[in-house]
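Please keep the sequence and the model in view while reading.

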Amino acid sequence: MSKALTAKSDEYYHRQLGLSGIQSSFDGDSLPDYDEFDSESVTLEYFKESTKRGPSPDKMAPTTTIETVTITRPLKVIAFICGVIVGILMILALTSTDWLMAESWRQGLFVHCIEEDYSPPLPFNLQDPAGCYASRDVTYIKATAGLCIITLVTDVIATILTGLGLNTQDHNRKYKFYRVAVLVMMVALISLLVALILYPVCFAAELNLDPHFIAGNRPVWEFGWAYGVGWGAAIFLFGAVVLLLCDKESEEIYYKERKIVHDASMRD
């Protein structure tokens, strides 16, 4: 009778546990002793208690960690380079005297120069000898110079903001830097376009309003390379704005899952 009961207990035990493999994931020392002569009720109590036990501390379940990966967008890098180029071009344009040129005459935004062996009379009824002098006190020249300075300052600010956005790892601050950089670059672009349109229009009006043609007493007037540099800066600035606008919503944050198995014995 005892052997039959024992066989029945063994069959029940293996059927409920699904072989002895599950038993290996528990700490045997923490369970009550089990003997082959125990009754069926004792075996059942053993099974119930074993199923309530958690996994052994030496065999912890694997954990999944999510890593945040930031990828720099190439379009934003190109926009940053365009901003640097614009700054260099604007410095060249502001310091040059070759915005407007004629025979023995060169005019910039801050200085105009009279070359040696010039043929009088000078343009704009000037009586100065050869040399370089402060720019004429004309509204459109001052306005153009002021707008170009605004362009340079705002471009430098926008370029710095773009660089900070590329460098920072804080994703909220990154998007804020890009958003402000786009707005500041748009201000720079508008200022430069107004300056480049204002300068030739007002100069042509100055010549046409002179009934005796004293102001423009030169047969040929040309816009110099500095004025062309201004348009080159406008092109690069427009490109930077477009790149930041098209790429401002692009995702730079990627998430990567990685499973890590912690072994309690390695922590000791």
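Helices (H or I, at least four residues) and strands (E, at least two) are DSSP runs, numbered from the N terminus. The model is a predicted one, in which local features need pLDDT of at least 70 and side-chain atom pairs count only at pLDDT 80 or more, while totals for chains, interfaces and linings use all residues. Residues are numbered from 1 along each chain as its sequence is written, and side-chain values use heavy atoms, with hydrogens and water left out.

The annotated spans come first. An unreviewed UniProt entry assigns the annotation "transmembrane region" to residues 77-95, 143-166, 178-199 and 225-246; the positions are given in the numbering used here, feature names are shortened, and such annotations may be inferred rather than shown by experiment. In the model, residues 77-95 are 100% helix and 0% strand, with 28 Å between the end C-alpha atoms. Residues 225-246 are likewise 100% helix and 0% strand, and their end C-alpha atoms lie 31 Å apart.

The interior is described next. A nonpolar core is a set of buried Ala, Val, Leu, Ile, Met, Phe, Trp, Tyr and Cys residues joined through side-chain atoms within 4.5 Å; buried means under 20% relative accessible area, exposed over 50%, and partly exposed in between, for a 1.4 Å probe and protein chains only. The largest such core comprises 49 residues, and Trp 99, Cys 148 and Trp 221 have the most contacts inside it. Two or more residues are contributed by each of α3 (74-95), β2 (100-102), α4 (139-167), α5 and α6 (225-247). Of these, α5 gives the most, with 13 residues. Cys 148 counts as buried because its relative accessibility is 1%. Leaving aside residues up to four places away in sequence, Cys 148 is in contact (heavy atoms within 4.5 Å) with Met 90, Leu 94, Trp 99, Leu 109, Leu 192 and Ala 195.

Rings of Phe, Tyr and Trp (its six-membered ring) pair if their centres lie within 6.5 Å; planes under 30 degrees apart count as stacked, over 60 as edge-to-face and the rest as tilted. The structure contains eight aromatic pairs. One of them joins Tyr 199 and Phe 223 edge-to-face, at 6.4 Å centre to centre and 65° between the planes. This pair links distant parts of the chain, 24 residues apart: Tyr 199 belongs to helix α5 (residues 171-208) and Phe 223 to strand β6 (residues 222-223). Tyr 199 is buried, at 0% relative accessible area, whereas Phe 223 is partly exposed, at 39%. The pair of Phe 203 and Trp 221 is also edge-to-face, because the planes stand at 65°, with the ring centres 5.3 Å apart. Here α5 supplies Phe 203, while Trp 221 lies in the loop between α5 and β6, 18 residues away. Phe 203 and Trp 221 are both buried.

What links Cys 113 and Cys 132? They form a disulfide, with their sulfur atoms 2.1 Å apart, inside the 2.5 Å limit that defines such a pair of cysteine sulfur atoms. The link is right-handed, with 105° about the S-S bond. It connects strand β4 (residues 111-114), which holds Cys 113, to strand β5 (residues 131-134), which holds Cys 132, across 19 residues. A search of the whole structure finds one disulfide. Cys 113 is buried, at 3% relative accessibility, whereas Cys 246 is exposed, at 59%.
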